[in-house]
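Here is a short briefing for a reader who is new to this structure. Please look over the sequence and the model before reading on.

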Amino acid sequence: MTRPFLQGHSDPTVQPVPASVVEQVDAADTTLQNPKWAVISIGSNLGNRLETLQGAVDALEDTPGVRVKAVSPVYETEPWGVEPGSQPSYFNAVVILKTTLPPASLLERAHAVEEAFKRVRDEHWGPRTLDVDIVAYADVTSDDPQLTLPHPRAHERAFVLAPWHDVDPQAQLPGRGPVAELLSAITRAGVEPREDLELRLPE
């Protein structure tokens with residue numbers, strides 16, 4: 001198990017993760033029977049955005065049947081679908097996890113995490129403290145209006161594809177092809193990496 005995003009951390013109290021701990025974490029994965037990979041996009045443009053995203057990562061890890069395997073770098077993104085300058089910019093990231101939850105249960109958990117951070121759904125494209133979207137779940141494709149898989153707009157959103165590519169350069173978006181190719185076909189305008197910020201993998 002590698003933790004690439006913990007390298008170069010400026011906090012001198014953070015020590016390398018002992019091999020014994022890594023082994024315990026990897027061994028714990030065996031408690032998940034037949035887990036599936038899932039890709040989650042998280043975003044926030046209200047309040048303490050970085051703290052909110054970290055809280056979302058931690059809440060996902062605290063979910064029974066879910067193990068967070070990787071967290072992407074943070075990107076700062078102009079709001080999607082609204083007049084430029086009318087809302088604060090977003091912080092966005094992608095979380096890769098293993099889960100034994102079926103897609104519908106994972107969606108319920110995503111909504112519960114949003115609600116814990118007081119997400120309000122009263123305005124389409126409105127600002128929000130936290131957005132938690134399931135981008136992909138294994139190779140599942142579904143037209144269910146409650147949960148379309150993969151996410152119907154993921155292939156055209158650089159704020160999803162760029163951090164996903166960072167954390168998994170070989171990633172494939174089911175039904176759409178390699179993330180690297182999808183990313184090369186769209187603009188990254190308004191989607192900037194924030195190398196001064198970092199999300200931690202849960203301990």
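Which residue lies over the face of Phe 91? Arg 49 does, at 3.8 Å from the ring centre. A charge counts as sitting over a ring if NZ of Lys or CZ of Arg is within 6 Å of the ring centre and within 35 degrees of the ring normal.

This is a predicted model, in which local features need pLDDT of at least 70 and side-chain atom pairs count only at pLDDT 80 or more, while totals for chains, interfaces and linings use all residues. Residues are numbered from 1 along each chain as its sequence is written, and side-chain values use heavy atoms, with hydrogens and water left out.

**Overall layout**

- The protein has five helices and eight strands. Helices (H or I, at least four residues) and strands (E, at least two) are DSSP runs, numbered from the N terminus.
- From the N terminus on, the order of elements is α-β-α-β-β-β-α-β-α-β-β-α-β.
- Of the 203 residues in the protein, 44% are buried. Buried means under 20% relative accessible area, exposed over 50%, and partly exposed in between (1.4 Å probe, protein chains only).
- Take the contacts between residues at least 6 apart in sequence: 72% of them join residues at least 24 apart. Contact means heavy atoms within 4.5 Å.

**Helix H2**

- H2 covers residues 49–61, 13 residues in all. Its first and last C-alpha atoms are 19 Å apart, close to the 18 Å expected at 1.5 Å a residue. The expected span is 1.5 Å times one less than the number of residues.
- Buried residues of H2 include Thr 52, Leu 53, Val 57 and Leu 60.
- The buried residues of H2 pack against strands E1 (36–44), E2 (66–71) and E4 (90–99), and against helix H3 (103–116).
- Gln 54 lies in H2. It counts as buried because its relative accessibility is 8%. Leaving out residues up to four places away in sequence, Gln 54 touches Leu 199 and Arg 200.
- Ala 112 is found in H3. At 33% relative accessibility, Ala 112 is partly exposed.

**Nonpolar cores**

- The largest nonpolar core has 30 residues, and Ile 40, Ile 42 and Leu 106 touch the most other members. At least two residues of this core come from each of E1, H2, E2, E4, H3 and E5. H2 gives the most, with five residues.
- A nonpolar core is a set of buried Ala, Val, Leu, Ile, Met, Phe, Trp, Tyr and Cys residues joined through side-chain atoms within 4.5 Å.
- Leu 106 touches Ala 38, Ile 40, Val 66, Thr 99, Leu 101, Ile 134 and Tyr 137, not counting residues up to four places away in sequence.
- A second, separate core has 21 residues, among them Val 39, Phe 159, Val 160 and Leu 182.
- In soluble globular proteins, nonpolar side chains tend to be buried together.

**Strand E5 and its partner E1**

- E5 spans 131–137. Six of its seven residues are buried, so the strand is largely enclosed by the rest of the structure.
- E1 and E5 run antiparallel and are joined by six bridges. Two strands pair if DSSP finds at least two bridges between them.
- Asp 133 lies in E5, opposite Ser 41. Asp 133 is partly exposed, with a relative accessible area of 22%.
- Leaving aside neighbours within four places in sequence, Asp 133 is in contact with Val 39, Ile 40, Ser 41 and His 151.
- Asp 133 and Ile 42 are 91 residues apart in sequence, yet their C-alpha atoms are 6.5 Å apart.

**From E5 to helix H4**

- Ala 138 lies in the loop between E5 and H4. Its phi is positive, about 50 degrees, although it is not a glycine. Ala 138 is partly exposed, with a relative accessible area of 30%.
- Pro 150 lies in the loop between E5 and H4 (158–167). The peptide bond from Leu 149 to Pro 150 is cis, with omega near -10 degrees.
- Eight of the 10 residues of H4 are buried, so this helix is largely enclosed by the rest of the structure. Phe 159, Leu 161 and Trp 164 are among them.
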